[in-house]
Amino acid sequence: MKKSWLFTLLVVLSIVLAACGGNKTAENTGSSSGTGSEANAAADQSNDEIVIKHKLGDTTVKKNLEKVVVFDYGVLDTLDQLGVEVAGVPQEGVPSYLEKYNDAKYANVGGLKEADFEKVNALKPDLIIISGRLQDSYEELSEIAPTIYMAVDTEDYMNSLTSNVKTLGEIFGKEKEAEEALASIDTSVNALKDKVTAAGKNALVVLTNEGKLSAYGAGSRFGIIHDVFGFTPADANIEVSTHGQSVSFEYVMEKNPDYLFVVDRSAVVAGSGEATPAKQVIENDLVKNTNAYKDGHIVYLDPDYWYLSGGGLESIQEMIKEVDQSIN
């Protein structure tokens, strides 16, 4: 009987100890589960961020952020087409087709060349996007918020534009919209290139500014006409520079282009309301000797798209359309 009692006691103790051990394991599991949640949270946080590699460095950016300040009208154009709201833009010189961004609901954060750091800082943005004109302010802006450089590389226009649009799509959760827009652009570009190739004509691109002329060739800011759309350059030796190669009307007559594409800078630069229209500047006695004039192929391009905001989803489609409509 005594042995039976001892045996029963040992069984009870074993059950109690097992229960205690089980509770301890549950606590560890709970603790371990907590650690797992933290790990998942870290993973989720990682999935909510993207590292943008750009010309000026690598920048970690949150996805689906709320406040963005944009210092590039091409990027603003793309965000507008993707349905992404912005908090601040430089309102001096906004292209007419983006005039809604002149509204007081958007903070005026300075100019394309000079940011108003105080206003930018007051906005407490989640992201700042700049391009070439503000690259010297990159470090200072980066102290306010994550800052990325997103200009179109004119030497590799379409790949650069595609990369920018896809990046913006990823940041703002608009991947599908970005892909659809890019597919439409590819279709338009291919159709235009086929049309240009069939025409077999050459072209010269010039910028007019207060009566002066600058020529732009392949690889330049307006080189898309040659590099992407397929026009043979009337002059293959134009130096590539931001401001173009200074030329004369005698030069234009000598090169005798089949098509002369003209971008009127004076028409969109602030304070140039009294500037002489490009048509009056270009169509003089010298230029009238060219094939472009004789065949009605002097094309005045919209400077809002070509000078102020090239590299946006809407601007690129309008650029394609303008050139396409000029071919006959």
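Me: How do H2 and H12 lie to each other, roughly parallel or roughly perpendicular?

Reply: H2 and H12 pack at an angle of about 100°, and are therefore roughly perpendicular to each other. Angles under 35 degrees count as roughly parallel, over 145 as roughly antiparallel, 65 to 115 as roughly perpendicular and the rest as oblique. Helices (H or I, at least four residues) and strands (E, at least two) are DSSP runs numbered from the N terminus. This is a predicted model, in which local features need pLDDT of at least 70 and side-chain atom pairs count only at pLDDT 80 or more, while totals for chains, interfaces and linings use all residues. Residues are numbered from 1 along each chain as its sequence is written, and side-chain values use heavy atoms, without hydrogens and water.

Me: How far apart are the axes of H2 and H12?

Reply: They are 6 Å apart. Axes are lines fitted to C-alpha atoms, for helices over the stretch in contact, and angles run from 0 to 180 degrees between N-to-C directions.

Me: Which residues of H2 and H12 meet?

Reply: Asp77, Thr78, Gln81 and Leu82 of H2 meet Leu313, Glu314 and Ser315 of H12, where contact means heavy atoms within 4.5 Å. This contact of H2 with H12 has two nonpolar, three polar and two charged residues. Ala, Val, Leu, Ile, Met, Phe, Trp, Tyr, Cys and Pro count as nonpolar, Asp, Glu, Lys and Arg as charged, and the others, Gly among them, as polar.

Me: And at what angle do H2 and H5 pack?

Reply: Helix H2 (residues 73-82) packs with H5 at about 50°, their axes 11 Å apart. The two helices, H2 and H5, are therefore oblique to each other.

Me: What meets what between H2 and H5?

Reply: From H2, Val75, Thr78, Leu79 and Leu82 meet Val165, Leu168 and Gly169 in H5. The contact of H2 with H5 comprises five nonpolar, two polar and no charged residues.

Me: Back to H12: how do H6 and H12 cross?

Reply: The axes of H6 (residues 175-199) and H12 (residues 313-326) come within 10 Å and cross at roughly 20°, so H6 and H12 are roughly parallel to each other.

Me: Which H6 and H12 residues meet?

Reply: In H6, Ala181, Ser184, Ile185, Ser188, Val189, Leu192 and Lys195 meet Leu313, Ile316, Gln317, Ile320, Val323 and Asp324 in H12. By class, the contact of H6 with H12 has eight nonpolar, three polar and two charged residues.
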